[in-house]
Amino acid sequence: MPIPDSWLPALVGETTQPYYEQLYRFVSEERRKYRVYPPAEDVFNALRYTPFERVRVVIIGQDPYHDENQAHGLAFSVRPGVAVPPSLLNIYKELRDDVQFRIPNHGCLIPWAEQGVLLLNAVLTVRAHQANSHQGKGWESFTDAVLRAINARESRVVFLLWGSYAQRKAEWIDSNRHTVLKAPHPSPLSASRGFFGCRHFSKANLALQSAGLPPINWQLADL
């Protein structure tokens, strides 16, 4: 599981920590015994598609999708050809109402990642069909280190924290330097409690533009 080069200066110290060595052994053993998502080559896709110096927006997820062919290393995103999950469909609906987004025929968010939207799950692997099965094994320590590294940057970053789990990460974020936007999670259970109408996508672009940074083009082309 090699960490992409642009992130190594910020994260290389993590790979020598005891927790990381234990995590590596745990995930390796899980892959030997069970099916684990995403595939090993996709685990660090969030960092690979969004180099450290290009991060402008951070969206925090909790756990990879755990059904076949869904997870590919980007929070909320699924591979082309896979049905759009309910939470992502609600994200699309809010985008439609917020920035006149046209809902595409897929759920692949790579174009966002390539523009600087870090789609970071707090836990980067999961056993097939067993949600949250790799929580508490060390990934949280690693992804918290990712957030601390981003927080230490001078240029403004917009953090979109959806749901109580993501909002607990706000303790790592200097809200005087960065922009923190909070809303309920976009899942069907909670989207109607304030995710719909949060207008986080236009607000994120306003925050970027006020800092002299280019906005995100949220529109996704059909595939």
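Select residues 57-61 and 117-121 to begin: these are strands S2 and S3, and they pair in the parallel sense over five bridges. Keep in mind that you're looking at a predicted model.

For a landmark here, pick Ile-59 and look for its bridge partner in S5, Leu-160.

Is S2 mostly covered or mostly open? Bring the rest of the chain back as a surface to check: five of its five residues are buried, so S2 is mostly covered, with "buried" meaning under 20% relative accessible area. Colour Val-57, Ile-59 and Gly-61 on one side, then Val-58 and Ile-60 on the other; both faces are covered.

Time to zoom out and colour by secondary structure. The C-alpha atoms fill a box of roughly 45 × 40 × 30 Å along the principal axes. What about the radius of gyration? A compact globule of 223 residues would have one near 17 Å, and this chain's 17 Å agrees. Buried residues make up 55% of the 223.

Last stop: colour by charge. The chain carries 24 positive and 21 negative side chains, and the centres of those two sets lie 3 Å apart.

Notes:
Residues numbered from 1 in each chain as written. Predicted model: local features only at pLDDT ≥ 70, side-chain atom pairs only at ≥ 80, totals over all residues. Heavy atoms only, no water. Rg over C-alpha atoms; globule rule 2.2 N^0.38 Å. Buried < 20%, exposed > 50% of the residue type's maximum accessible area, 1.4 Å probe, protein only. Lys, Arg positive; Asp, Glu negative; His and termini not counted. Charge placed at Lys NZ, Arg CZ, Asp CG, Glu CD. Helix = DSSP H or I, 4+ residues; strand = E, 2+ residues; numbered from the N terminus. Pairing = 2+ DSSP bridges.
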